[in-house]
2 protein chains.
Amino acid sequence: MRFVIIGGDAAGMSAASRAKRLRPDMEVTVLEQTRDVSYSACGMPYNIADPERDMEKLVVRKAEVFIKTNKINLLTGHRVTAIDRRAKRLSGIKVDGDAFDVDYDQLFIATGATPVIPDLPGFDLPQVMALKSLEQGKFIKSYIARQGVKTAVIIGMGYIALEMCEAFEKRGIKTSMVKPGSVFLPWLAPDLADVIYKEIVDKGVDVYSGHVIQKIESRDKGVRVTCKNLTLDADLVLVAMGVTPCSETAKAGGLELGISNAIAVDPYLKTSDQNIYAAGDCADAYHIVTGKKCWIPLALRANRAGWAVADNICGILTRLQGVAGTAVFKVFSLEVARSGLNFKEAVESGFDPVETSVETRSRAHGQPGSTSIYIHMVADKKTGRLLGTQMVGKEGVAHRINAVAVALHCKMTVADFFQTDLAYAPPFGPVWDPLLTAATQLAKKI
Amino acid sequence: MRFVIIGGDAAGMSAASRAKRLRPDMEVTVLEQTRDVSYSACGMPYNIADPERDMEKLVVRKAEVFIKTNKINLLTGHRVTAIDRRAKRLSGIKVDGDAFDVDYDQLFIATGATPVIPDLPGFDLPQVMALKSLEQGKFIKSYIARQGVKTAVIIGMGYIALEMCEAFEKRGIKTSMVKPGSVFLPWLAPDLADVIYKEIVDKGVDVYSGHVIQKIESRDKGVRVTCKNLTLDADLVLVAMGVTPCSETAKAGGLELGISNAIAVDPYLKTSDQNIYAAGDCADAYHIVTGKKCWIPLALRANRAGWAVADNICGILTRLQGVAGTAVFKVFSLEVARSGLNFKEAVESGFDPVETSVETRSRAHGQPGSTSIYIHMVADKKTGRLLGTQMVGKEGVAHRINAVAVALHCKMTVADFFQTDLAYAPPFGPVWDPLLTAATQLAKKI
C-alpha cells in the first residue's frame, strides 16, 4: 500500500511516523515543498525574541532521521500542484524546477495554512514579511540582526501579532500595531481585552485599531505604511492578519471545501474522496460545543488528527470527537486563554447565552505575590450548559483553562461545573478557584 | 428560626454569612472555642516561613465585622461540651470558666479536625507543638524568633509536615523528619515520591522513615526524640502525623459517625438527626469516583459544604455531588498534586486498575526553562474509566490537575480524556499536554 502525504509538518509527519510504527512494511511517502519538516512553528516568536537561541532548535526531528531511522520516503523541496483523483496520481514541481509525479493508494493532504497577505501595493517589498515557514522565521531573525532593525510595524492583532510584538520589544525594536478593524481583540470580552491593551501600551507598543491599510512604499532603508489618516515608518513590516487554509490544490482536484475554504472532512478525517484524508490547518473539524463544522487551526488538533489519519489508514478505526478551540498565548507578563464559545459565537450558534465577568485573585488571602485573574464565562440560559470561558492574568491562567476544556467535552452544566473538586493551596489560588467563582456568578443568571 | 453553628472557621462562617445573606431576619449564632474565626489555616506554613509577614493577615474577616456588618451572633471563647438533641439545647464552658447553654432549631456542627497527638511520654512538653489553630500558629512563629530555634524535628510526613519543613528551612532551621511508617509518601506512586524525597534531601532535610517514636524528653533548652535505633535532638518538635475529626461531642450526643470517626452526613449534609447538619473537616463525604463514603478533610469542601448547609436550611435544596480528593501543595521548588484514587485505593474500591507513569516536559521543544513533569495515572481496565492522577514538577502541575478533577466528576474514560482539546503554547507545555501523553500510554494497557 502506497500511503502518500502532502506536507511535512505537524499533521503530516505525525501521520507518517505513526503509520510506519503501526505498519513498518507500508510504503510511506511525504512530499514537502520547503526544506524543513517537523518543526515547532508556534515556537518561532519566542525564538526570535532571543538572539542567543539557535532557530534550528525548533526542529523536533530532522529530515535525515525520518528517512534513515523511520524509513519514511521523505522528499523535501517537492511542491504538489495537481491531484488526479481518477488516476490516483499527484504531480508537481521540485525546487530545482523539474517536474515529478507520484502514485498513491491512500492520500493524506496536510498542507497547513498560510498567512493572509492582502493584495495591496507594496506587500511584496523585501522589508514586508510574514511568519510563513521556518525559513521565513530564520530570515526575519537574521534580518533584524543584519539590518539593525530599530522600528517595526505589525499589521494585525491576533495571537501571532501579539507574540511577535513581545518578541520585537525584547529585541529593542520600537513596535506599532495597526489593523483595519476598530475593536482591539474582538473575540475577547471587552473587559479582558482592555487588560491586554493596557499591558502592551504600557510596554511601549503603539496600537492603531480602525485604520484601513492602503499601501506600503520603500523609504530610505525602510518602508512607509500608509493608512487613511495615518502613516507609519519602520525598518520592517510583519504581516500577521490571520491565516488561510492551503486548499487550492485540493479544490482544483475536485475535493469538497467547507467553512473558511478548509477541506471538508468527516470525524474520521476523510474528505469527499474515499481514498483521500485531510487534517491539520488545511482541514475543518466539528466543534465539541456546537456540533457544527468549524475551522480553528491549532497545533494539538493537527498532531492528533495526523495520528488519527494513520490509525484509520492502518485499520484502527479512530473517530475524533471535535475541538473546543482551546488556545493560550503569552504576551509580556500576561497569560491569555480561551476555550469554547464567546457570547457572539454562542448567539450565532443558536444558543440563548448569558455571560459574566469576574476579577479574582491568583493566590489565597494573605499570600504575597497575588495578582488579578480576569474570567469571562458564557452559558446557555435554557439548558444551563457551560459554553465557553476566557481568562487573562499574570499567573494561573494557562493550565487552568484545561478544566474548562474538559467540562466542554462533557457538555457540563455550569451548576455541575461549580460542584467540581478543584485543587487548592495558598500559593496557587484562593479556596474558591477563580473558575468556581465565575461559575457561581454565572449560575445566578441562568 | 434559631440557626446555631458550632465552629467558626471555613464551614461554620461560610454557612453563617450565607444564611444571613439569604435570610437577613434569621437568628444566626456561632459558637467558637478559640478567639479566632475565618482564617486561612492552610496559609500558616507559608506565613511561618516569612518572619516579616504578620500572621493576622491570614484572617479573612475579623469577628467584629461578622458581628457588626453581618449581624451574626458570634460568640468566641465558647466551647460546646454537650448536645441535648431532645431538648435541642447545647451546653458548654466559656473561656472564663463560666457555663453557658444555647437553644437551637437547626444545628450545624462545623468543629473541624485536630492534629493527632500520640499518647506517648513527652508529647505534652512545651517544645512540642502542632498546627492546631491560628493561636498555635502564632505561638510557633513567635517561639522560633524568641528562642532562636536552630534545629527542629517534624514527626510525620504528610502535606503539612512537608510544607512546614520548607517553612523551617526558610527560617534557617536545620530540620529532620521522622515517622513510624517505612514508606516515604505511601499515597504517592513510588517514582513520584522519589522525586520529592530527592528534593527535600537536596535542600538539607534529614528524612527518617520507619522509626517508631518512643518518647520525647527535655534536654537543656530543647528536647530529645527517642525512636528505636535513633535519637534526634532539637530545639522544637512539630507533630504533623495527620488529623482526626472533632466528633466526640456529636458522638456523645448520639449522632452516627462514619468512616474515620467523621460525622456521617447525606449529600445534603444532614446527620442522622433531622435537625442537625455537619460539614467541613468533622464530617464525611461521598467520593465522586467510588460513590462510597470517604473522609478527606480539605478547605474547598469545607467552604462549599458550609454554603450548602445554609442553602438547605434556608430552603434552597442543595445536594453535593461528592469529592474527588483533589489536593495540591508546594514543597521547595516542587508542585505536587493529585485527584481521585491511587492504585491501592482503586483496588480497595473494587476496581480492576491499570497504571502508568510518564515523565514529560513542562514546556515545548526548543523552549528554554523546560523541566520535568512526572505523571502517574490510574484507570479501570474493565470500563476504561479514569480513576485518578498524581503529578509532580517544578511548574505546570498545580492547575493542570483540575482537568483531571473535572474528568473524574464526569466519569470520563481515558480514551475520551485523550480526545480533550487542551491548551498549547510553547511557554506552557508541549503540543501534547503531559496529561494527554499519560492518557495515551495508559490507554494501551486497557
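## A buried glycine in a loop

B:Gly325 is buried, and its relative accessible area is 6%. That puts B:Gly325 below the 20% cut-off for a buried residue. This is a predicted model, and every value here is computed from it.

Where in the chain does B:Gly325 lie? The place is a loop of chain B, between helix H8 (299–313) and strand S21 (327–331). Which residues are in contact with B:Gly325, leaving aside its neighbours within four places in sequence? From chain B come B:His287, B:Ile296, B:Leu298, B:Arg338, B:Ser339 and B:Gly340. From chain A comes A:Asp421. B:Ser349 is 24 residues from B:Gly325 in sequence. In space, their C-alpha atoms are 14 Å apart.

## Two chains, one axis

How can chain A be laid on chain B? A turn of 180° does it, with a shift of 0.0 Å along the axis. The RMSD is then 0.0 Å. This relation is that of a two-fold axis. Within chain A, A:Ala403 has the C-alpha nearest the axis, at 2.0 Å. Both copies use the same surface: of the contact residues of chain A, 100% recur in chain B.

## An enclosed helix

Helix H12 of chain B covers residues 434–443. Seven of its 10 residues are buried, so H12 is largely enclosed by the rest of the structure. Which residues of H12(B) are buried? They are B:Pro434, B:Leu435, B:Leu436, B:Ala438, B:Ala439, B:Thr440 and B:Leu442.

Now look at the two ends. At the start of H12(B), B:Asp433 has a side-chain oxygen within 2.9 Å of the backbone nitrogen of B:Leu435. B:Ala443 also lies in helix H12 of chain B. Is B:Ala443 buried or partly exposed? Its relative accessibility is 32%, so B:Ala443 counts as partly exposed. B:Ala443 and B:Gly429 are 14 residues apart in sequence. Their C-alpha atoms are 21 Å apart in space.

## Cavities

Rolling a probe the size of a water molecule over the atoms shows where empty space is left. How many cavities of 30 Å³ or more does a search of the whole structure find? The count is nine. The largest cavity holds about 70 Å³ of space.

What lines the largest cavity? Its lining has 13 residues. Those nearest the centre are A:Gly280, A:Ala283, A:Ala285, A:Ile296 and A:Arg301. By class, nine lining residues are nonpolar, one is polar and three are charged.

A:Ser17 sits in helix H1 of chain A, which runs over residues 10–22. Is A:Ser17 buried or exposed? A:Ser17 has a relative accessible area of 9%, so this serine is buried.

B:Lys71 is not a glycine, yet its phi is positive, about 55°. The residue lies in the loop between helix H3 (63–68) and strand S3 (73–76) of chain B. The relative accessibility of B:Lys71 is 58%, so this lysine counts as exposed.

B:Lys88 has a positive phi as well, near 50°. B:Lys88 lies in the loop between strand S4 (78–84) and strand S5 (89–94) of chain B. How exposed is B:Lys88? With a relative accessible area of 23%, B:Lys88 is partly exposed.

B:Lys170 is in a helix, H5 (residues 159–170) of chain B. Its side chain makes a polar contact of 2.8 Å with the side chain of B:Glu166. B:Lys170 also touches B:Ala49 and B:Lys330, with residues up to four places away in sequence not counted. B:Pro51 is 119 residues from B:Lys170 in sequence. The C-alpha atoms of B:Lys170 and B:Pro51 are 9.5 Å apart in space.

Methods: Residues numbered from 1 in each chain as written. Chains lettered and ligands numbered in written order. Predicted model: local features only at pLDDT ≥ 70, side-chain atom pairs only at ≥ 80, totals over all residues. Heavy atoms only, no water. Least-squares fit on C-alpha atoms with pLDDT ≥ 70 in both. Contact = heavy atoms within 4.5 Å. 1 Å grid on protein atoms, 1.4 Å probe; cavity = no way out; pocket = protein on both sides within 12 Å on 5 of 7 lines; lining within 4 Å. Points joined across faces, edges and corners; volume = space filled by probe spheres on them. Nonpolar A, V, L, I, M, F, W, Y, C, P; charged D, E, K, R; others polar. Buried < 20%, exposed > 50% of the residue type's maximum accessible area, 1.4 Å probe, protein only. Helix = DSSP H or I, 4+ residues; strand = E, 2+ residues; numbered from the N terminus. Polar contact = N/O pair within 3.5 Å; in protein donor to acceptor, adjacent residues only side chain to side chain.
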